[in-house]
Amino acid sequence: MTILRRTYLAIFALYLLGPVLVIAAVSFNSKKFLAFPPRGFSFRWYAEIFVANDWFSSLMNSLFIAFVSATLAVLIAMPIAYGAWRYGLRYAKALFALGIAPFILPPVIMALAFLIFYTSVGLYGSMLSVLIAHAIFLLALPLVTISLGLESVDQSLIEASQTLGANNTTVFRTVILPIAAPFAFAGFAFCFVLSLNEYIIALMTVGFTVETLPIKIFNALRYGYTPVIASIAVLFLLINITVFSLIARFSNLSRILGALD
Amino acid sequence: MTKPPLTRYLGLIPSSVMIGVFFAIPFAMILLTSVSTPTDDGDYRFAFDLQHFDRFLTWFYVERALFSAGLCALIAVISLLVAFPFTYFLTRFGPRSQTIWLIYILAQLSLSEVLIAFSWQILLSRTSGVGNILEWVGIVEKSFSMAPSAGAVVAALVYLAVPFAVLLLFPALSRLDKSLIEASRTLGASPMRSFFTVVIPVARPAIVSSGVTIFVLTLGAIIVPQVLGRPEHWTLSVLITDQAIFNFNMPFASALAVVLLVLSASVILLVSRFAGGNRS
């Protein structure tokens, strides 16, 4: 059993990590051609991301879109989660369900919906269009994490502070916010990472005006390889790992992932 | 409470506007566009014209829909088989290594499909991939390219789906009542036997719902079938993108999107009914 288990775990880890290791090897290659086993060692393909104007501006576009749309998603989600939890408003619960839907549908459906909508209102191709589209698409994440955070607020704490004369604003600021904030941050971080990596909605809203990194990589794939893509893959994986480590550090990862009640 | 109830709704206005304008309206527009009729100037206007669905009902598109459903079902089954034992072991790891694995799984799950398709393209290429390693080790005489092929599409789609499978199974498996397993062990069951007779039956609802979720998720894959497959491996999602972006045929793209929507919804309903009615 132990041998069987070890073998299975080793194969599983190899399957998951193998492609990443090959890409990492390719990204440190010093030649223009992709080679494995790699020949020579260099950081030139990492430098290229920041030196080559087009790669760097795509990276900046992606980071900007991820930051703004994640912020927007949290701002939209906050009142809904709060209204549903604090006052048990049925309307807020309905909005909650509606806000989850875009994330559950196959992304190409939402992408097409945005494309049709934005062309008819004349926003197609504008930066604003992708910012809102990503915020709506990823709204489910802060909705879920903020609700989880609010559920962990002890009702007796609220009652105690009210007995001591705190009004609603003070209760929110001094009791609810400190407990819920890490979960709101987790929602923000999830949105940030997924927006950064998102392709199809960005393509169908700003695909021909603003080049995000995933769009640029897909376009580059058609014209042949460049090791820069490998270094971007490694960079993105590191960004993802960093963000999720931050969530694990400052928020409750196993709770968010549903391991704890 | 000092505030009157109506003011509680005021805070919800901005969020309502955002969801209404940027989700409900665009979504309704897809439905309307799918039954629109073309005008003389090459545009389209809203009507109740089913011609785009008629076009879908030609064998080419029906075959594509069946292929997509079959492929995604296959991916769901394989990724559950691959991920289930791992997730079970993961719940038994120490908290530290559990967190590290979860962070990595989340990071891989979030990695752009574009980058995953690229990685597999490299991995399966003649000059820098597995073939090269096999040649280097001496297993094959000459390195060869393994993509585009059906196998490449399946391998990469399973790679996309496995992290989701792990995270979907994780809650149920980590809440699994450990005393059940201990009881079966005390009664003399081998670890293998208690895994198959206790763990899997108890986790069955989670397995079914994870399978459905992975099926729907895989239906959304767009880049892997294009980059690692031939046109005969293209799924509905690829065809929708193709119609919308390269043919500018919004009505037909919308009709295909409605088909995709109905396909996802009916699988969800069917499986949840089947799984619900079979509880023992």
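I take the expected span of a helix as 1.5 Å times one less than its number of residues. I keep in mind throughout that this is a predicted model.

**Entry 1: helix H5 of chain B**

I applied that rule to helix H5 of chain B, residues 95-110. The helix has 16 residues. From first C-alpha to last I get 22 Å, close to the expected 22 Å.

Next I looked up its buried residues. They are B:Leu102, B:Ile103, B:Tyr104, B:Ile105, B:Leu106, B:Ala107, B:Gln108, B:Leu109 and B:Ser110.

**Entry 2: helix H4 of chain A**

I ran the span check again on helix H4 of chain A, residues 90-104. Its 15 residues reach 21 Å, close to the 21 Å expected. The buried residues of H4(A) are A:Ala92, A:Leu95, A:Phe96, A:Gly99 and A:Pro102. They cover an arc of only 120° around the axis, so they sit on the same side of H4(A). On the other side, I found A:Arg90 and A:Ala97 exposed.

I then asked what covers the buried residues. Chain A contributes helix H3 (53-86), helix H5 (107-121), helix H6 (127-137) and helix H7 (140-151), among others. Helix H2 (13-34) of chain B is also part of the cover.

Chain A has 13 helices and zero strands. Of its 261 residues, 46% are buried. I also checked contacts between residues at least 6 apart in sequence: 72% of them in chain A join residues at least 24 apart.

Chain B comes to 13 helices and two strands. Its C-alpha atoms fill a box of roughly 75 × 75 × 40 Å along the principal axes. I noted a radius of gyration of 24 Å for chain B, whereas a compact globule of 280 residues would have one near 19 Å. Buried residues come to 41% of the 280. For contacts in chain B with a separation of 6 or more, 64% involve residues 24 or more positions apart.

**Entry 3: where the chains meet**

**Entry 4: the nonpolar core**

The largest nonpolar core holds 163 residues. I looked for the members that touch the most others, and they are A:Leu112, B:Ala156 and B:Leu256. Helix H8 of chain B, residues 150-175, supplies the largest share, 17 residues. In soluble globular proteins, nonpolar side chains tend to be buried together.

I followed B:Leu256 further. Beyond residues up to four places away in sequence, B:Leu256 touches B:Phe56, B:Leu236, B:Leu239, B:Ile240 and B:Gln243.

**Entry 5: B:Leu80**

I located B:Leu80 in helix H4 of chain B, residues 59-90. Is B:Leu80 buried or exposed? B:Leu80 counts as buried because it has 20 C-beta neighbours inside 10 Å. Leaving aside neighbours within four places in sequence, I find B:Leu80 in contact with B:Ala165, B:Ile207, B:Ser210 and B:Gly211. I also looked up B:Ala203, which is 123 residues from B:Leu80 along the chain. Their C-alpha atoms are separated by 12 Å.

**Entry 6: B:Phe53**

B:Phe53 belongs to helix H3 of chain B, residues 51-56. With 16 C-beta neighbours inside 10 Å, B:Phe53 is partly exposed. B:Phe53 and B:Val259 are 206 residues apart in sequence, yet I find 8.6 Å from C-alpha to C-alpha.

**Entry 7: a positive phi**

Most residues other than glycine have a negative phi. I noted B:Phe248, which is not a glycine, with a positive phi of about 50°. Where does B:Phe248 lie? I placed B:Phe248 in the loop between helix H12 (236-246) and helix H13 (250-277) of chain B. B:Phe248 has 10 other C-beta atoms within 10 Å, so I list it as exposed.

Note on methods: Residues are numbered from 1 along each chain as its sequence is written. Chains are lettered from A and ligands numbered from 1 in the order in which they are written. This is a predicted model: local features need pLDDT of at least 70, side-chain atom pairs count only at pLDDT 80 or more; totals for chains, interfaces and linings use all residues. Helices (H or I, at least four residues) and strands (E, at least two) are DSSP runs, numbered from the N terminus. A residue is buried if 20 or more other C-beta atoms lie within 10 Å of its own, exposed if 12 or fewer, and partly exposed in between; C-beta atoms are placed from the backbone. The arc is that of the directions from the helix axis to the C-beta atoms. Two residues are in contact if their C-beta atoms, placed from the backbone, lie within 7 Å. The radius of gyration is taken over C-alpha atoms; the globule rule is 2.2 Å times the number of residues to the power 0.38. A nonpolar core is a set of buried Ala, Val, Leu, Ile, Met, Phe, Trp, Tyr and Cys residues joined through C-beta atoms within 7 Å.
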